[in-house]
Amino acid sequence: MNKKILVTGASGHLGGMLFNSLEKIGYTNLIGTDLRRKNIKKNQKFILVNLKNFKSTVKMTKDVYAIVHFGAIPIEDTQQNILHNNIIGTYNLFEAARINKVKRIIFASSNHAIGFHRRTTRLNETSTQRPDSHYGLSKAFGEDLSRLYADKFSVKSMCIRIGSCLKIPEDRRHLSTWISYEDLTQLVDIGIKHKSIHHEIVYGASKNKKSWWNNSRAYKLGYKPKDSVDLFKINSLSKNEHKDKMALLFQGGVFTTANFKGNIKDIK
Ligand code: 15L
């Protein structure tokens, strides 16, 4: 594809991975952006922008066809840091996209937008959001923001509730949450190219037997995961989950227990 695609978070783990993998599958007009430059090759187009800066964000999104939005703090942080980087940054980006008539946004949502669901509950794309942290709340906000901008302004979007996207799965929780780099790339590609996307929520997971998520919406859109966590031998809990019994009850794991002051029994 030679339409202009902007990848935010291009210096980060997954944004950087996608900046390279999309090129490999035939995207010829990619531009990466981030608030710092890291691991960007000389021949790659890159622009330093902080999404908190609305003017620069508007300028950067001119003539862009689609945005792959992975630029955010990727873990739990203070309420203020999440508010300014993830919530305001994402709001600025969508507003810039509306002004410049960007057609599509692929939003990196997260399993932490639904992290307070119990591990015994099977979810699908219509399940209620249950953020497990300030971080998860910023992802739930992004999902709602993208729905508004699709319905009201025709900026179409696909939100990927990413599980655990790592080169290799590491612990028992990943048996339910893992997605390979290749499978995530495939989902992003579908989000950019599929003809009839309005606003979609899909799960970023490979083909895992122990998945907590019914991802049939993604399959309907053409997703055919190539990888499965089932091929790896994994028995151990992560160090964090090992010493945290509450984390084992909820899909979001240790994100649910950070600063927890509630009553576990109340979270049905
Ligand atoms: C995420 O959303 C985080 O960005 C990543 O660091 C992992 O914690 C992942 O979720 C996960 O739940 O495994």
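**View 1. Gln 251 sits in the loop between helix 8 and helix 9 (254-257).** Helices here are DSSP runs of H or I with at least four residues, strands are E runs of at least two, and both are numbered from the N terminus. This is a predicted model, in which local features need pLDDT of at least 70 and side-chain atom pairs count only at pLDDT 80 or more, while totals for chains, interfaces and linings use all residues. Residues are numbered from 1 along each chain as its sequence is written, and side-chain values use heavy atoms, with hydrogens and water left out. Is Gln 251 buried or exposed? Gln 251 counts as buried, because its relative accessibility is 0% (buried is under 20% relative accessible area, exposed over 50%, partly exposed in between, with a 1.4 Å probe and protein chains only). Its side chain reaches the backbone oxygen of Thr 121 at 2.9 Å. That is a polar contact: a pair of N or O atoms within 3.5 Å where, within protein, one must be able to donate a hydrogen and the other to accept it, and residues adjacent in sequence count only if both atoms are side-chain atoms. Leaving aside neighbours within four places in sequence, the contacts of Gln 251 (heavy atoms within 4.5 Å) include Asn 111, Arg 173, Trp 212 and Trp 213.

**View 2. Arg 122 meets the stretch from Ser 211 to Asn 214.** Arg 122 lies in the loop between strand 5 (104-110) and helix 4 (134-153), and is exposed, with a relative accessible area of 55%. Which residues does Arg 122 touch, leaving aside its neighbours within four places in sequence? They are Ser 211, Trp 212, Trp 213 and Asn 214. The side chain of Arg 122 reaches the backbone oxygen of Ser 211 at 3.2 Å. The C-alpha atoms of Arg 122 and Ser 211 are 8.4 Å apart, though 89 residues separate the two along the chain.

**View 3. Here are some of the ten aromatic pairs found in a search of the whole structure.** Rings of Phe, Tyr and Trp (its six-membered ring) pair if their centres lie within 6.5 Å; planes under 30 degrees apart are stacked, over 60 edge-to-face and the rest tilted. Phe 94 and Tyr 149 have ring centres 5.9 Å apart and planes at 75 degrees, so they are edge-to-face. Phe 94 is in helix 3 (residues 79-99) and Tyr 149 in helix 4, so this pair ties together parts 55 residues apart in sequence. Both Phe 94 and Tyr 149 are buried. Trp 212 and Trp 213 also make an edge-to-face pair, because their centres are 6.1 Å apart and their planes at 80 degrees. Trp 212 is buried at 8% relative accessibility, and Trp 213 is buried at 3%. Phe 94 and Tyr 149 form one aromatic cluster with Phe 153.

**View 4. The ligand has oxygen atoms facing Pro 74, His 112 and Arg 173.** A ligand oxygen is 2.5 Å from a polar backbone atom of Pro 74. A polar side-chain atom of His 112 lies 2.7 Å from a ligand oxygen, and for an N or O atom in the side chain of Arg 173 the distance is 2.9 Å. Taken alone, the ligand exposes 320 Å², and the protein buries 73% of that (Shrake-Rupley areas with a 1.4 Å probe; for residues, only the protein chains shown count as cover).
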